[in-house]
Amino acid sequence: MEAAPEIEEDKDRNFVTALARGLDVLRCFRRNEISLTNTDISERTGLPKPTVSRLTHTLCVLEYLVADPRAGSYRLGAGVLNLGFGVLAGMDVGERARELLRELRDGPNSYITAALGERFRDEVLYVAVHRSREDVALTMHVGSRLPLFRSAVGRAILVASPEDQRESWFEEARACDPEGDARRRESFNQARAEYEAQGYCTGYGDWRGDVNGIAVPVSSLNGSRIYGLNVGGPSFHVKKKQLESHYAPLLIDAGRQLSLRG
């Protein structure tokens with residue numbers, strides 16, 4: 001995972017630098033990684049090794065990390081898992097989406113996966129998933145991440161988000177990748193026109209060449225969060241025609257039901 005974006009701390013007196021650095025340490029762990037050393041963490045965060053050593057020690061005391069003295073490494077502890085479950089438990093829309101996701105998944109195409117995702121930085125994090133009924137190489141689950149600007153579910157979140165908030169996301173992405181700004185904005189403009197014309201956003205081979213998907217936005221109970229609801233699967237089995245003719249009307253209706261319940 002990438003470190004948190006730089007913040008001008010001297011302009012924000014309420015910003016707690018030590019807390020931010022501790023969270024950056026936890027974000028260093030990537031999918032399928034069991035352990036990291038202080039050197040690994042220092043390289044990924046840009047923090048000095050003595051600082052990292054103090055942070056990892058503190059996180060171990062708080063049980064967010066577990067140390068392996070023999071290997072000189074750390075793994076994520078139960079405290080992080082507890083935080084994760086707390087976040088998911090607070091996402092009422094994920095619970096309300098469960099039955100709708102199952103209904104979308106249980107359609108005529110057994111290769112379809114249905115999922116609900118929320119933006120986290122420049123990615124979309126799945127918070128609820130009903131996986132394909134087939135054994136496929138692409139297996140999505142709660143916690144899976146898709147690119148915000150290059151996936152149908154990410155585009156659905158973008159088109160429904162307030163303009164000022166969306167612009168801040170584009171600026172954050174531009175700071176990391178200036179050359180990709182024009183491409184991201186062009187993709188968004190196409191997605192917005194697509195959504196206005198047909199009520200959903202598409203992603204045909206944009207995120208991965210072998211994946212097709214469509215998505216709609218969903219509002220949280222109080223309207224403070226925008227989620228993306230999508231269906232998709234391997235392009236060899238999940239075709240554009242079926243997605244748009246059969247699944248799109250069901251997806252649009254499911255998105256409306258979730259939002260209306262809010």
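The largest cavity in this predicted model has a volume of about 230 Å³. If you set the threshold at 30 Å³ or more, the structure holds 1 cavity. As a reminder of the idea, rolling a probe the size of a water molecule over the atoms shows where empty space is left.

So who sits around that space? The lining of the largest cavity is made by 22 residues, and the closest to the centre are Tyr126, Leu146, Trp207, Val211 and Asn230. By class, you get 11 nonpolar, 10 polar and 1 charged residues in that lining.

Now, which elements give two or more residues to the lining? They are α6, running 152-160, then β8 at 211-219 and β9 at 226-234. The most comes from β9, which gives 5 residues to the lining of the largest cavity.

Let's turn to the sheet, and please have the structure open for this bit. It is an open sheet of 6 strands, and reading across you meet β6, β5, β4, β9, β8 and β7, in that order, with antiparallel pairing. Which strands are at the edges? Those are β6, residues 145-147, and β7, residues 201-204, each pairing on one side only. From one strand to the next, the twist averages 35°.

Notes. Residues are numbered from 1 along each chain as its sequence is written. This is a predicted model: local features need pLDDT of at least 70, side-chain atom pairs count only at pLDDT 80 or more; totals for chains, interfaces and linings use all residues. Side-chain values use heavy atoms; hydrogens and water are left out. On a 1 Å grid over the protein atoms alone, a cavity is a set of points where a 1.4 Å probe fits but cannot get out, and a pocket is an open set with protein on both sides within 12 Å along at least five of seven lines; lining residues have an atom within 4 Å of a point. Grid points are joined across faces, edges and corners, and a volume is the space filled by probe spheres set on the points. Helices (H or I, at least four residues) and strands (E, at least two) are DSSP runs, numbered from the N terminus. Ala, Val, Leu, Ile, Met, Phe, Trp, Tyr, Cys and Pro count as nonpolar, Asp, Glu, Lys and Arg as charged, and the others, Gly among them, as polar. Two strands pair if DSSP finds at least two bridges between them. Axes are lines fitted to C-alpha atoms, for helices over the stretch in contact, and angles run from 0 to 180 degrees between N-to-C directions.
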